[in-house]
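Dear colleague,

Please find below the structure that I am handing over to you.

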Amino acid sequence: MGNLVVATVSIVLLVSGPDGFTESRERMVKHQIQARGVRDAQVLKAMRDTPRHLFVPEKLRSHAYEDTPLPIGFGQTISQPYIVAAMTELLDVEPGHRVLEIGTGSGYQAAVLSPLVREVFSMEIVEDLAKSAALTLRQTGCSNVSVRYGDGYKGWPEKAPFDRIILTAAPPEIPQALFDQLVPGGKLVAPVGSSPLNQELVVVDKGRDGKLKRRTVFPVRFVPMVTNN
Ligand code: SAH
């Protein structure tokens, strides 16, 4: 019982209390994110509130708010904070939305989306990453995020359709299954390219008539989206 109380108190502190990184996050938002043009107040608030240091390996915590991606094991990385903010802004979410993410990684992008939408469904192809991200998301109180170990090329048909889809690993082409799982009027944001040196961030709008309209935003560098087929 005593242990339970201690555990509960520490989880509450972890989620809402001062964590020693509030000022670092404030600086990150001002100098890395607002300075580069991200304006959406809700996105900026989510970036201010999400404890990025809890999504990186313990020995890298002191670097969590720097302007850079960081290794999270298995050859994967947590994206640069600015990219997370810019992609979240481009996704243009609303509070009632159900969002699919491909590439859970550390769980950080899902945690940033969590307060902005109704539900986040996130898929990860490395089983150990899926497990540890699910744990971190639970510990940080992101109760509307579900993580599934699986291949994002197939999407998550049982939970489709989604209002928004975000990819944080780069396929050479966006899989048709993902367009099929997007509602008419929905939006998909993805890095696309056949090599890490040749990728663009792409936004695809699916019209009410089902027609896809695609635009390219800027060059990016993500890990490739792999498949277990
Ligand atoms: N969004 C993450 C960063 C993503 S790194 C974060 O916030 O930390 C890209 C992730 O995509 C890696 O963890 C990689 O294992 C995963 N991935 C690659 N191909 C995938 C696929 N086909 N389906 C699901 N996840 C995939």
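**Paired strands and the sheet**

Strand β6 (residues 162-167) and strand β7 (residues 182-195) pair in the parallel sense, with 4 bridges between them. Here, two strands pair if DSSP finds at least two bridges between them. Helices (H or I, at least four residues) and strands (E, at least two) are DSSP runs, numbered from the N terminus. Within this pair, I166 stands opposite V189 in β7.

Before going further, please note that this is a predicted model, in which local features need pLDDT of at least 70 and side-chain atom pairs count only at pLDDT 80 or more, while totals for chains, interfaces and linings use all residues. Residues are numbered from 1 along each chain as its sequence is written, and side-chain values use heavy atoms, with hydrogens and water left out.

The open sheet is formed by 7 strands in the order β5-β4-β3-β6-β7-β8-β9, with mixed pairing. Because β5 (145-149) and β9 (212-220) stand at the edges with a single partner strand each, one side of each is left without a neighbour in the sheet. From one strand to the next, the twist averages 15°. Axes are lines fitted to C-alpha atoms, for helices over the stretch in contact, and angles run from 0 to 180 degrees between N-to-C directions.

Strand β8 (residues 198-206) runs antiparallel to β9, and 7 bridges join them. E200 stands opposite P219 in β9. The hairpin of β8 and β9 has 5 residues between the strands, and G210 takes a positive phi near 90° there.

**Helices**

Helix α6 (residues 127-139) lies across β4 (119-124) and β5, and runs at about 165° to β5.

The axes of helix α2 (residues 22-34) and helix α4 (residues 81-91) come within 9 Å and cross at roughly 70°. These two helices are therefore roughly perpendicular to each other (angles under 35 degrees count as roughly parallel, over 145 as roughly antiparallel, 65 to 115 as roughly perpendicular and the rest as oblique). M28, Q32 and I33 of α2 make the contact with P81, Y82 and A85 of α4, where contact means heavy atoms within 4.5 Å. The residues of this contact divide into 5 nonpolar, 1 polar and no charged. Ala, Val, Leu, Ile, Met, Phe, Trp, Tyr, Cys and Pro count as nonpolar, Asp, Glu, Lys and Arg as charged, and the others, Gly among them, as polar.

**The ligand**

Which residues come nearest to the ligand? Of the 27 residues around it, they are S106, E124, D151, G152 and V226; a residue is near a molecule or strand if one of its heavy atoms lies within 4 Å of it. A polar side-chain atom of E124 lies 2.6 Å from an oxygen atom of the ligand. For V226, a backbone N or O atom lies 2.6 Å from a nitrogen atom of the ligand. An N or O atom in the side chain of E101 is 3.0 Å from a ligand nitrogen atom.

G103 is found in the loop between β3 (98-102) and α5 (108-113). Not counting residues up to four places away in sequence, G103 touches M123, E124 and T168.

**Backbone details**

Most residues other than glycine have a negative phi, and most peptide bonds are trans. F74, in the loop between β1 (70-73) and β2 (76-78), has a positive phi of about 60° although it is not a glycine. D92, in the loop between α4 and β3, is not a glycine either and has a positive phi of about 55°. A cis peptide bond, with omega about 0°, joins A160 and P161. P161 lies in the loop between β5 and β6.

Yours sincerely

Note on methods
A polar contact is a pair of N or O atoms within 3.5 Å; within protein, one must be able to donate a hydrogen and the other to accept it, and residues adjacent in sequence count only if both atoms are side-chain atoms.
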